[in-house]
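Please keep the sequence and the model in view while reading.

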Amino acid sequence: MSTEGTGFVDTSRLTRMSAGRRVADFLLRWETMLFIIFVLVCVANSILSPYFRDPKNLFETTFNFMEKAIMAMPMMFVILLGDIDISVSGIISLSSLFMGMASLGGIDTPTLVMIGLGVGLACGFFNGLLITQLDIPSIAVTIGSSSLFRGIANAVLGDKAFTKFPDSFAYFGQGYIGTSPIPFEMVAFAVTAIIAGVILNLTAYGRHTYAIGNNKVAARFSGVPVKRVRLLAFAANGLAAGIAAVLLTSRIGSMRPNIASGWDLDVITTVVLGGVAITGGKGNIVGVLISIFLLGFLKFGMGVLNISGKVMNIITGILLIVAILLPKFTDNVRMSIRAGAAKATAKARKTA
Amino acid sequence: MKKIFARKEMSVAALIVVMTLAIGLRAPSFLRFGNLIGVVGDTSVLAIVSLAQLGVILIGGIDLSVASTMALAGMIVALTNQHNPQIPAWVYLPMSLGIGAALGAVNGVLVAWGRLPPIVASLGTMSIYRGAVFLISKGQWVTAHEMSVGFRRIPEGKMLGLPYMLWIAAAIALFYFILMRYTRSGRDVYAFGGNASAARYAGVNERKVEMLVFVVSGALAALAGLIYVSRYGIAQSETATGYELNTVAAAVLGGVNIAGGSGTVLGVLLGSLFIGIVNNALPVLRMSPFLEMLIQGIIILTAVVANTVADMRAKKSLSSGRRL
């Protein structure tokens, strides 16, 4: 909608800026502000709770948000493309359902995992094909498919639940790497994040993602395979939801149709708070990573203070709005500083 | 272009008639006048909130905060009623509208002056309002026996044999129809949604349009929240969770273009009615209520695909210069 405040002017001018202004620029950047809030949250947490200072407990706290963190990675691509996917929690529900049914049939753990991932991937392709082949807005498709996916789980399970899973299945959501305090979920997230970072920053696919997000038509005329890039992003989103389904089902050891409900908007909030423009084309993985841990630790800190999850919503909402308003405001400030400086140099030149 | 939209609404209307008759074939009692009125009345809440959503979708946005607005306004009026049962019930109508207008104005300011995309602004306020319900109620529920008789009668009371909520929905629909069709502000909404930059050059006040749709959206959502709370006799922090997506579904079903610019009040009403009939038919047909979501999903996807295919055909016939 609005193109004001995009940061694209910066790079060309960076080389010509004075050191002082460069520092000011850096301080006013989104990621920097996000990081400062993050540090504040960490400091507050460690004052509030001695548990937070113990690395072992710190790892424990990550269990609560690693699944969403994994889902945020491909969601970042989807939003960078200017699309949106609000079916991911529905995909978790369907993927978890299939694992539950298979488990009841006595299927072994490796196959269960493959089923979970496969269902997720298939759902993602389903979304992607409808969106790209018929050229339907992604929000319309994913609202429908979200009801479809969770609706199947509802129809099959009703108010019942699957609770029987093999013992070895519990490892993914509850286990640690060897004897270390590092949870398996965290490693799964780290691997996902590295893959996402490499693809976004070092491959043609990543550059295509930005190109499409900035101007779909121009990208198509420049030879970017728009349909394929978007299709793959939705497929990856489905796969990540499948991974999250495996981890979450394993962690809570049961499956109900309302599993993970409302997670779509949580994941989208994380990505947007990370500085990815909902209109596409702008944002980077650093911001999203800070945002993931900021929200995760903020929730932990509020939990220590015994603040209800409902009230946390208020703070998340305010944070989201302020975090997006603030850079727009500071961008304006930066622009006017720069305009002022340019005027001054022009004047200086004239007088000389 | 007008013809295409008319055709979309006609096909939804035809589908509704066919579906109703088919249900009646299996369960004749469904077709009884009293039952049909009940079904239509049941749809009032969804219809009002979907109309709330319509304006925002028309300008190419989406309002994710409507369900939270329903819950917050519903809780405020329920608490007011609980502590002041002597206040006459009709007062709650303007009161809810006022609360909603204020909540909607927050979105409006964020979008019009903060330049936030509507989906982001309402994503934020959605969480804030939902949390606020919990804060003001301290996590407590307000249940039917804590509400005054007059308050409970807001949806159920009858005039000329029809429930009040149906009259309210009809009045809202008429107001919205006139607003969108016959006032300059309404035409500006369409103009802005169809082509924002063209509308700007034509002198459409962008901020006014954005404020208008969000204030109306909030006001209507809050009114729906009042009816919801008094009808189901309970106000709690989970009220209407997930309802925002139902409203988008109703709009899409009614042929509203999710990308903005086109869509009508009639279409939204038909879309809501369609969903209302499906939900009411399940128990009549002795089908599991757990099928509701699945059926809704299939219908939305089918409608979206059908609309797209129809648009594609229309475009093709336009570009080839030949009439189909």
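A residue is buried if 20 or more other C-beta atoms lie within 10 Å of its own, exposed if 12 or fewer, and partly exposed in between, with C-beta atoms placed from the backbone. The model is predicted: local features need pLDDT of at least 70 and side-chain atom pairs count only at pLDDT 80 or more, while totals for chains, interfaces and linings use all residues. Residues are numbered from 1 along each chain as its sequence is written, and chains are lettered from A and ligands numbered from 1 in the order in which they are written.

**Loop residues with positive phi**

- Asp135(A), a residue other than glycine, has a positive phi near 60 degrees.
- Asp135(A) counts as exposed because it has 11 C-beta neighbours inside 10 Å.
- Asp135(A) lies in the loop between α7 (109–133) and α8 of chain A; helices are DSSP runs (H or I, at least four residues) numbered from the N terminus.
- Ala260(A), also not a glycine, has a positive phi of about 60 degrees, and it is found in the loop between α13 (226–252) and α14 of chain A.
- Ala260(A) is buried, since 26 other C-beta atoms lie within 10 Å.

**Contact between the chains**

- In chain A, 40 residues are in contact with 40 residues of chain B (contact: C-beta atoms, placed from the backbone, within 7 Å).
- On the side of chain A that touches chain B, α8 (138–157), α14 (263–273) and α16 (309–351) each supply at least two residues.
- The largest share of that side, 13 residues, comes from α8(A).
- That side of chain A divides into 22 nonpolar, 13 polar and five charged residues; Ala, Val, Leu, Ile, Met, Phe, Trp, Tyr, Cys and Pro count as nonpolar, Asp, Glu, Lys and Arg as charged, and the others, Gly among them, as polar.

**Nonpolar core**

- The largest nonpolar core has 207 residues, such a core being a set of buried Ala, Val, Leu, Ile, Met, Phe, Trp, Tyr and Cys residues joined through C-beta atoms within 7 Å.
- α11(B) gives the most to this core, with 16 residues.
- Among the residues with the most contacts inside the core are Met76(A) and Met70(B).
- Not counting residues up to four places away in sequence, Met76(A) touches Ala196(A), Val271(A), Val276(A), Ile285(A) and Val288(A).

Conventions. Two residues are in contact if their C-beta atoms, placed from the backbone, lie within 7 Å.
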